[in-house]
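Here is a short briefing to read alongside the structure. Have a look at the model first, and then we can walk through a few of its contacts together.

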Amino acid sequence: MTLHQRTLGTTSPLTVSALGLGCMGMSEFYGATDDAGATETIQRALDLGVTFLDTADMYGPFTNEQLVGRAVAGRRDEVQLATKFGNERLADGTRLGINGRPEYVRSACDASLARLGVDHLDLYYQHRVDPDVPIEETVGAMGELVAAGKVRHLGLSEAAPRTIRRAHETHPITALQTEYSLFTRDLEDEILPLLRELGIGLVPYSPLGRGILTGAITDESDLDESDTRLSERFPRLNGEGLRANLRLVGEVRTIAERLGCTPGQLALAWVLAQGEDVVPIPGTRRVRYLEENAGAADVVLSAEDLRALTDAVPRDAVVGDRYSDMSSIDR
């Protein structure tokens with residue numbers, strides 16, 4: 001199996017696999033970790049043609065980049081490698097805040113290159129926008145990394161429309177990473193039209209609603225007690241929010257059964273159907289879920305199927321914000 005490819009961006013285009021792999025949960029946040037299993041999953045992804053790998057320095061912190069670097073050693077030319085800076089943490093996990101200062105951009109990039117064991121990054125994102133540093137200064141420093149050959153393409157994450165436009169005027173932006181799924185569609189109003197106006201690709205994270213759209217989560221007991229999805233940080237996955245949203249997942253499951261695929265494959269196929277400039281990065285630690293996700297590329301949805309899905313999951317039917325604190329989103 002070789003997954004087909006898509007191109008992110010037009011001014012600074014980057015060709016990647018149509019589905020990527022989010023590596024965050026391999027090292028932190030979603031319960032117990034297993035480096036050996038995660039390595040096997042990454043290497044199986046490359047075998048399947050899922051070659052667009054997503055990590056960040058704050059995952060672990062730092063250990064996820066090291067894991068990804070070890071897993072792709074000897075196969076660098078097969079991989080489109082993306083990482084992020086900006087959510088500054090210490091090695092013990094202490095959060096220092098959001099940092100977009102130019103000197104930090106440069107030092108963070110060098111540190112990521114060292115941990116990954118590579119000489120360049122295919123895509124380098126600002127993970128969150130620093131409200132205290134003009135975006136022109138941050139992106140200007142990122143552009144210097146491109147000129148130096150350390151980075152090939154630039155991206156933003158969870159940026160507001162005005163910030164995206166200003167950033168793109170400073171240096172071509174290849175991709176915006178933000179949450180997008182059947183459960184999160186607010187970007188369709190302003191952000192997605194702007195991306196298409198400017199020729200910027202979209203990289204949706206959490207395209208499976210942090211796992212709920214797979215149907216594997218039926219109540220809180222399905223998650224490891226150390227899984228941060230059980231925390232108040234994620235209102236959609238707790239209490240009444242979870243119960244209400246699981247009813248929507250039941251509607252997705254009904255359509256998936258009719259089409260002969262899993263709910264997760266259907267949810268990913270919906271994201272893929274939103275445009276050739278959209279490349280979702282579902283995360284998983286396990287080979288079997290990776291293979292299931294890759295199968296979404298073979299699910300063809302008709303216009304009638306797409307209408308049925310949006311009717312089954314109306315935008316305003318999802319209960320709860322995606323984060324309890326949305327202050328660092330849409331800056």
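Let's start with two helices: the axes of α1 (residues 35-48) and α2 (residues 63-72) come within 9 Å of each other and cross at roughly 50°. That angle makes α1 oblique to α2, and their crossing is right-handed. Please keep in mind that this is a predicted model.

**Aromatic rings**

- Searching the whole structure turns up 3 aromatic pairs.
- One of them joins Phe85 and Tyr124 in a tilted arrangement, with 5.0 Å from centre to centre and 40° between the planes.
- Phe85 belongs to strand β5 (residues 80-85) and Tyr124 to strand β8 (residues 123-126), so this pair ties together parts that lie 39 residues apart in sequence.
- Are these two residues, Phe85 and Tyr124, buried or exposed? Both are buried.

**A charge over a ring**

- Arg229 places its charged end over the ring of Tyr30, at 4.1 Å from the ring's centre.

**Cysteines**

- How many disulfides does a search of the whole structure find? The search finds 0.
- For Cys109, the closest cysteine sulfur is that of Cys23, and at 18 Å it is too far for a bond; a disulfide needs the two sulfur atoms within 2.5 Å.
- Cys109 is also buried, with a relative accessible area of 0%.
- Cys261 counts as buried too, because its relative accessibility is 12% and the cut-off for buried is under 20%.

Definitions and conventions
Residues are numbered from 1 along each chain as its sequence is written. This is a predicted model: local features need pLDDT of at least 70, side-chain atom pairs count only at pLDDT 80 or more; totals for chains, interfaces and linings use all residues. Side-chain values use heavy atoms; hydrogens and water are left out. Rings of Phe, Tyr and Trp (its six-membered ring) pair if their centres lie within 6.5 Å; planes under 30 degrees apart count as stacked, over 60 as edge-to-face and the rest as tilted. Helices (H or I, at least four residues) and strands (E, at least two) are DSSP runs, numbered from the N terminus. Buried means under 20% relative accessible area, exposed over 50%, partly exposed in between (1.4 Å probe, protein chains only). A charge sits over a ring if NZ of Lys or CZ of Arg is within 6 Å of the ring centre and within 35 degrees of the ring normal. Axes are lines fitted to C-alpha atoms, for helices over the stretch in contact, and angles run from 0 to 180 degrees between N-to-C directions. Angles under 35 degrees count as roughly parallel, over 145 as roughly antiparallel, 65 to 115 as roughly perpendicular and the rest as oblique. A crossing is left-handed if the near helix is turned anticlockwise from the far one by less than a right angle, and right-handed if clockwise.
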